[in-house]
Amino acid sequence: KNYYFESKITKNIGVDIGKFNSKPAEGNVFDGAIKGVSLFGDNYRIERGSYQGMKLTNITLQKDNLSVGRYDFTNPNKTIYMVNGHLPYEKWDLGAMWLRGKNKNGYVLSLSNNINDWSKHSSAFWAKYYYQPSDTYVKHEMNGLADFMLPNDGFKGWSVGWRYIPKKDWAFGLVYYRLNNLLDNRSSNTIYAYLTYSFKNYNED
């Protein structure tokens, strides 16, 4: 469970203190609930904390549809750099992310349609292609087998997903992953289905 205190220090400086979700580089580098502190604003987020014995410092800067980041981890010791860009057109979005570990480069390409529409009876689609050596991630956000492939030099492959909103605050989705590890090219297939309900403990004006 997450528990944290959030406050606005100034107009463009906010702070989270406690246990909260961290997902730098859209989850392609790390995804987990960390204990620590986060400073954030319209164009930046700085996080310092721990996760299951690992220390981490995440810095992300953003300007319009471009972002850059540096992410430092201990146990395992990794420093990962990120450059990310998105090209939106009407309801479509084309994305490209470059990742740099100690010795190797990786990248993630994405294409999505209607991904930000959460209205009733709306649907969304996305597809991604990954090439991520183990230098370029620590704990991946996907429900595929990327984390199991960390000891095998990382992974490459693709995913496709679809989401439907049957009614307010509900979402149903399907995701398929086809991945190969980079050590011996052995493959894995994962089909993931979900049904979620979102609720708030406050009223929106």
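Q: Is Asp 64 buried or exposed in this predicted model?
A: Start with where Asp 64 sits: the loop between S5 and S6. Exposed means over 50% relative accessible area. Asp 64 has 60% relative accessibility, so the residue counts as exposed.

Q: What is the phi of Asp 64 near?
A: Most residues other than glycine have a negative phi. Asp 64 is a residue other than glycine, yet its phi is positive. The value is near 55°.

Q: Is Asn 114 buried or exposed?
A: Asn 114 lies in the loop between S9 and S10, and its phi is also positive, near 65°. Buried means under 20% relative accessible area. With a relative accessible area of 11%, Asn 114 is therefore buried.

Q: Which residue is joined to Asn 75 by a cis peptide bond?
A: Most peptide bonds are trans. Here the bond has an omega of about 10° and is cis.

Q: Which residues make up the covered face of S8?
A: In a regular strand the side chains alternate between the two faces of the sheet. Look at S8 with that in mind: Trp 92, Leu 94, Ala 96, Trp 98 and Arg 100 form the uncovered face. The covered face is made of Asp 93, Gly 95, Met 97 and Leu 99.

Q: How many bridges pair S7 with S8?
A: S7 and S8 form a hairpin with two residues between them, and Glu 90 in the turn has a positive phi of about 50°. To follow the pairing, find His 86, which stands opposite Gly 95 in S8. The two strands pair in the antiparallel sense, and the number of bridges is nine.

Q: Which residue of S9 is the bridge partner of Met 97?
A: S8 is joined to S9 by a hairpin through four residues. The two strands run antiparallel, with nine bridges between them. In S9, the partner of Met 97 is Val 108.

Q: Which residue has its backbone oxygen 3.0 Å from a polar atom of the Asn 180 side chain?
A: Asn 180 is found in strand S12, and at 15% relative accessibility it counts as buried. Leaving aside neighbours within four places in sequence, its contacts include Met 149, Phe 155 and Ser 187. The backbone oxygen 3.0 Å from its side chain belongs to Asn 185.

Q: How many salt bridges does a search of the whole structure find?
A: Glu 47 counts as buried at 4% relative accessibility, while Arg 45 counts as partly exposed at 32%. Another links Arg 70 with Asp 72, with the closest N and O atoms 2.9 Å apart. The search finds two.

Q: Which side chain of opposite charge is nearest to Asp 135?
A: Asp 135 is in the loop between strands S10 and S11. Its side chain has a polar atom 3.0 Å from the backbone nitrogen of Asn 103. A salt bridge needs a nitrogen and an oxygen within 4 Å. Asp 135 is buried and has no salt bridge; at 5.6 Å away, the nearest side chain of opposite charge is Lys 78.

Q: How far from Lys 19 is the nearest side chain of opposite charge?
A: Lys 19 lies in strand S2. Among the residues it touches, not counting those up to four places away in sequence, are Tyr 3, Tyr 4 and Ile 34. Lys 19 is buried yet has no salt bridge, and the nearest side chain of opposite charge, that of Asp 31, is away by 12 Å.

Methods. Residues numbered from 1 in each chain as written. Predicted model: local features only at pLDDT ≥ 70, side-chain atom pairs only at ≥ 80, totals over all residues. Heavy atoms only, no water. Buried < 20%, exposed > 50% of the residue type's maximum accessible area, 1.4 Å probe, protein only. Lys, Arg positive; Asp, Glu negative; His and termini not counted. Polar contact = N/O pair within 3.5 Å; in protein donor to acceptor, adjacent residues only side chain to side chain. Contact = heavy atoms within 4.5 Å. Pairing = 2+ DSSP bridges.
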